[in-house]
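Here is a short report on a two-chain complex.

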Amino acid sequence: MNIHPPKWADRFLKWYCTPELLEEIQGDAHELYYERLEQEGKKRADWKYAFDIIRFCRWSNVKTPNEMHKPNYLDILWRLNFKIVLRNAAQNKFIFSVKMLSLSICLAFALLLSAFVLQEYSYDQHIKDHQRIYRVGVKIDIGGSVTNYGASPELLAEALEEEVPEIEIAAFYDDEMFNYRNIFEVNELSYSNEKALATSANLANMLDIKFIQGSNEVLDELYSIVLTESTAKKFFGTEDPMGKTIDFNGIVLDVAGIIEDPISSSHLKYDILLSWEGYDFYCSCWDGVEVYTYIKLNEAADINEVEAKISQVLAKNKMDIVGTRFQSGEEMAVVPIIENIKDIHLSNQLLFDTAEKRDITNLNLLMVAAIFFFLTGFINFLNLSLAELTTNYKKIGVLQVFGGSMASPTKAVLANTLLSLFVISPLTVVLFVIGLQYAQTSMGISIENNVLLSQPFVLILGGFALLFIFSSRISSFVVAQSGDLLSALKGKLSVKHSGFRLRELIVGTQLSFSIIMIALIFIIVDQFQFINAVDKGFEDKNTLVIKVPDGNYSETKVWLESLQQLTGVKKTGISSFYTDEFEWTEVFEIETENGTRKEIVNHEYWGYGFTDLLNMEITMGRDFDPNVSTDKHGAYLINETAAAKFGWNDPVGKSIVGPGAGYGRHERKVIGVVKDFNFASLHKKIEPLIIFMGTNAWTTEYAYLKLDPIRSTTLIPQIEEAYHEFYENMPFDWEFLDEKFASLYKQDYQVRDIFQIGLFISILVSCLGVFSVSALLVFLRAKEMGIRKIVGADQIHLFGLHIRNFVKFIVIAVLIAWPIIYYLSSYWLDNFAYRIDLSIGYFIFPGLITLLIILVTSGFHGIKSSRINPIDILNQE
Amino acid sequence: MSTKGNYLGEFEELVLLSVASLIDDAYGVSVMKYINQETGRNVNISAVHEGLKRLQRKGFVESNVGGATQVRGGRRKRFFVLTDVGRSTLEEVMLLKLQLYSKVPNFKLKLT
């Protein structure tokens with residue numbers, strides 16, 4: 001008989017059918033098949049046979065679990081293996097829970113880190129066609145002094161759209177519509193902390209801004225304002241905001257739309273969008289870089305060609321961009337800086353760059369930490385599983401005798417892996433969710449859901465599963481290598497089998513991760529201490545900074561003088577600069593021996609007594625003096641760096657030509673040199689600075705108050721009262737300077753916090769690992785210890801024997817850790833202009849700490865094994 | 001074993017009657033064919049098996065395994081025979097039905 005019923009159907013039947021019923025069912029089905037074969041042909045018979053088989057698949061014919069107990073059944077070994085694994089878990093509850101918990105903690109932490117890093121890398125990728133959207137900044141080079149701006153001239157967008165055919169849309173936004181602060185008045189309440197952008201429908205369109213009410217066209221209408229959902233809620237509560245009016249610095253605007261809040265992974269954050277139409281009054285020119293230009297290319301465009309064309313447009317207009325500050329005859333170039341929108345978040349900080357930035361060094365460090373934790377978790381797990389398996393040799397041996405090749409140790413390992421998967425997966429998910437909550441509430445890091453659903457994150461999860469399976473393969477390999485059946489049956493639990501070599505390496509690697517974490521944490525904490533202790537060149541304690549609402553110099557002065565009446569206000573001052581603001585840069589003509597030289601230099605202005613207020617030191621010459629009338633319009637202070645850069649040994653009396661009040665140029669004399677002070681974060685070096693006197697011609701930005709330290713908190717309500725008396729209906733914004741200064745390192749502190757948690761976890765995991773390995777070791781070597789004791793070894797000797805195993809690990813660990821510590825810490829520190837030196841201590845101490853941890857955790861078992869009573873052990877034989 | 005009492009369902013009754021009339025040759029395929037031949041109903045082999053199994057569980061039929069035949073690739077048949085309980089149940093069911101039919105007014109059963 002060559003003709004068979006379809007084989008797959010037969011196989012399917014055999015698979016599901018109860019063995020008892022198989023024969024009759026199959027018999028009947030076959031009988032029918034051959035009958036049909038003759039009557040109806042093969043094809044129909046095949047179909048009908050398959051149909052019958054499927055119809056037979058009903059509950060009463062299907063195998064029930066009970067039947068799996070029957071001897072000779074294949075699954076019996078699996079069930080036995082599972083039973084062994086479960087029994088082991090129940091027997092060594094401690095080791096089992098350590099194993100599961102530490103792997104879950106490590107995995108959850110690593111997943112959190114990966115999610116965070118992924119989110120940082122996925123900035124702005126939610127925008128449609130983000131590959132084709134770029135931001136155009138400018139690089140201005142005047143006689144070799146180069147400045148990179150994130151901002152660009154106002155007319156650039158218009159010109160690009162006209163002159164470069166590849167550009168589909170070009171648009172810009174401006175975040176400073178007035179020379180003073182943005183104040184929004186709604187229902188007689190005023191708000192000033194909202195970030196408002198004046199822009200056009202084109203930009204909203206390009207950046208894919210989603211309108212909940214209204215459409216992006218309203219951004220082209222005069223006097224319209226668009227609020228984000230949360231701002232609308234803040235301004236109007238539950239009322240419908242559409243059609244309501246808002247007073248913006250005296251202009252009445254209509255609420256014409258509501259948009260979604262910008263998601264946290266977007267480089268551009270805003271609360272309010274305004275139609276640019278109302279604010280083009282003040283320039284509409286090429287002069288200066290004030291706005292942020294975005295372009296969207298058409299699909300066929302090549303960015304390199306476009307860049308060349310943009311360069312031409314900028315080159316054509318470079319005289320207008322640099323403007324009156326430039327005299328012909330000097331080398332000068334204006335070149336575009338083109339960044340893809342998704343790269344802006346992680347690129348270098350440019351001048352006037354309002355985008356939300358992340359330092360890529362920190363991010364890479366976190367990525368390395370994530371990988372460490374994945375590995376630590378698995379290594380720890382592998383190590384413990386291996387240790388556990390060694391104690392099971394005898395059982396596996398017996399199984400092998402009865403089950404032959406079916407009972408290979410691989411199956412035992414696989415059973416172990418499956419059980420672990422059942423425990424670990426839910427545990428990890430729970431820990432992960434807790435971690436997300438904690439990050440959001442305590443660290444201010446929120447991770448968007450779409451990151452967790454994104455392809456890379458799913459890939460990472462897949463990778464985790466693969467690694468897990470891989471680790472189980474390693475253990476089965478080790479077991480297969482090390483256990484020959486005979487010695488396994490004899491119950492020989494040899495510590496010297498080849499698996500132990502691998503285990504030394506594994507424990508060593510795990511410990512080295514702990515050493516690396518400890519070292520990095522030391523370095524990070526030291527670096528922050530160093531930064532806090534470094535001489536910033538000014539005194540930031542007890543200094544209150546108030547944002548001045550109307551920018552009027554003389555009025556501010558009047559108000560500050562009236563504040564002097566309050567007891568507790570010690571000194572007052574005025575300055576244009578504050579830590580988180582961009583410094584103003586200008587072209588200055590510097591007097592040198594060979595005529596004048598042009599430099600782009602930061603500049604700011606101070607009121608009288610500002611140096612005194614912040615305790616800054618004048619190293620040469622004098623401070624601004626209210627008694628010298630020429631100081632107001634004819635004097636400059638410079639900092640030491642500037643003096644050095646300009647090549648002046650005796651700067652006092654030298655002349656500098658800079659911007660005057662209004663648009664003219666004006667010559668002033670240097671009257672003094674200020675000792676270098678660092679107003680920005682210490683990531684940056686101190687740059688040259690030119691300081692002039694504040695007058696009514698310049699917007700007054702900040703009032704500084706030095707308070708009596710004892711009374712500083714009670715004083716604030718009094719100052720607020722005085723403020724509201726003077727500036728009616730204006731929001732009162734204040735900060736302490738030292739707090740503000742600390743906040744400059746927010747990102748770094750985030751990294752530090754993450755590392756601190758990481759350190760805790762890695763120490764915990766390696767402690768648990770060492771503890772349980774040493775527990776097993778005691779168990780394995782109990783007989784040996786007993787014999788040694790009978791032969792005459794004393795307790796100290798036995799203790800030493802036990803500890804020696806672990807000290808060996810430390811040596812391996814330290815050797816692995818040192819180069820990694822060196823590389824990672826230099827990488828991170830390079831990112832600071834002021835940094836600590838890597839001393840030998842950073843390499844020695846973490847190793848010593850780990851050694852101590854090991855001595856403590858394994859010492860418990862060391863003592864236990866040294867105090868062993870030989871009779872208890874040896875009478876079993 | 002919990003079944004819905006020891007009642008006889010319509011299809012079960014059919015199978016049981018088939019087993020009764022096939023006497024010594026009642027197994028899955030023959031019962032199926034018999035039903036098909038006598039009633040014209042096209043039943044699936046799996047349904048017949050299910051019915052037989054249930055009848056056996058209720059104790060109406062007994063089964064034993066016969067010899068191997070070439071036709072079935074050497075697989076043995078399971079033959080079913082009516083038990084005493086089965087026979088008395090069939091009679092009971094018949095009587096019950098007759099009793100019920102006789103109470104229907106103007107209803108005459110024509111037995112040909």
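Helix 3 of chain B has 14 residues, and at 1.5 Å a residue these should span 20 Å. The end C-alpha atoms of this helix are 20 Å apart, which agrees. The expected span is 1.5 Å times one less than the number of residues. Helices (H or I, at least four residues) and strands (E, at least two) are DSSP runs, numbered from the N terminus.

This is a predicted model, in which local features need pLDDT of at least 70 and side-chain atom pairs count only at pLDDT 80 or more, while totals for chains, interfaces and linings use all residues. Residues are numbered from 1 along each chain as its sequence is written, and chains are lettered from A and ligands numbered from 1 in the order in which they are written.

Helix 3 of chain B is mostly covered, with 10 of its 14 residues buried. Buried means 20 or more other C-beta atoms within 10 Å of a residue's own; exposed means 12 or fewer, partly exposed is in between, and C-beta atoms are placed from the backbone. Among the buried residues are B:Ile45, B:His49, B:Glu50 and B:Lys58. The buried residues pack against both chains: helix 2 and helix 3 of chain A, and helix 1, helix 2 (28-39), strand 1 (61-68) and strand 2 (76-82) of chain B. Just after the helix, B:Gly59 takes a positive phi of about 85°.

One partner is helix 1 (residues 10-22) of chain B. Its axis lies 9 Å from that of helix 3 (residues 45-58) of chain B, at an angle of about 85°. Axes are lines fitted to C-alpha atoms, for helices over the stretch in contact, and angles run from 0 to 180 degrees between N-to-C directions. That makes helix 1 of chain B roughly perpendicular to helix 3 of chain B. Under 35 degrees counts as roughly parallel, over 145 as roughly antiparallel, 65 to 115 as roughly perpendicular and the rest as oblique.

Helix 1 of chain B brings B:Phe11, B:Glu12, B:Val15 and B:Leu16 to this contact. Helix 3 of chain B brings B:Val48, B:Gly51, B:Leu52, B:Arg54 and B:Leu55. Two residues are in contact if their C-beta atoms, placed from the backbone, lie within 7 Å. The contact residues divide into 6 nonpolar, 1 polar and 2 charged. Ala, Val, Leu, Ile, Met, Phe, Trp, Tyr, Cys and Pro count as nonpolar, Asp, Glu, Lys and Arg as charged, and the others, Gly among them, as polar.

**Where the chains meet**

Across the interface, 16 residues of chain A are in contact with 15 residues of chain B. On the chain A side, helix 2 (19-40) and helix 3 (42-56) each give two or more residues. Helix 2 of chain A gives the most, with 11 residues. The chain A side divides into 5 nonpolar, 4 polar and 7 charged residues.

**Confidence**

The model scores ipTM 0.85 and pTM 0.71. pLDDT is the predictor's confidence in each residue, from 0 to 100.

| Chain | Mean pLDDT | Residues at 70 or more |
|---|---|---|
| Chain A | 81 | 89% |
| Chain B | 85 | 90% |

In chain A, confidence is lowest in helix 16 (residues 485-489), at a mean of 59, and highest in strand 12 (residues 292-297), at 92. Over residues 67-73 of chain A the pLDDT is below 50, and this stretch has 4 contacts beyond near neighbours in sequence.
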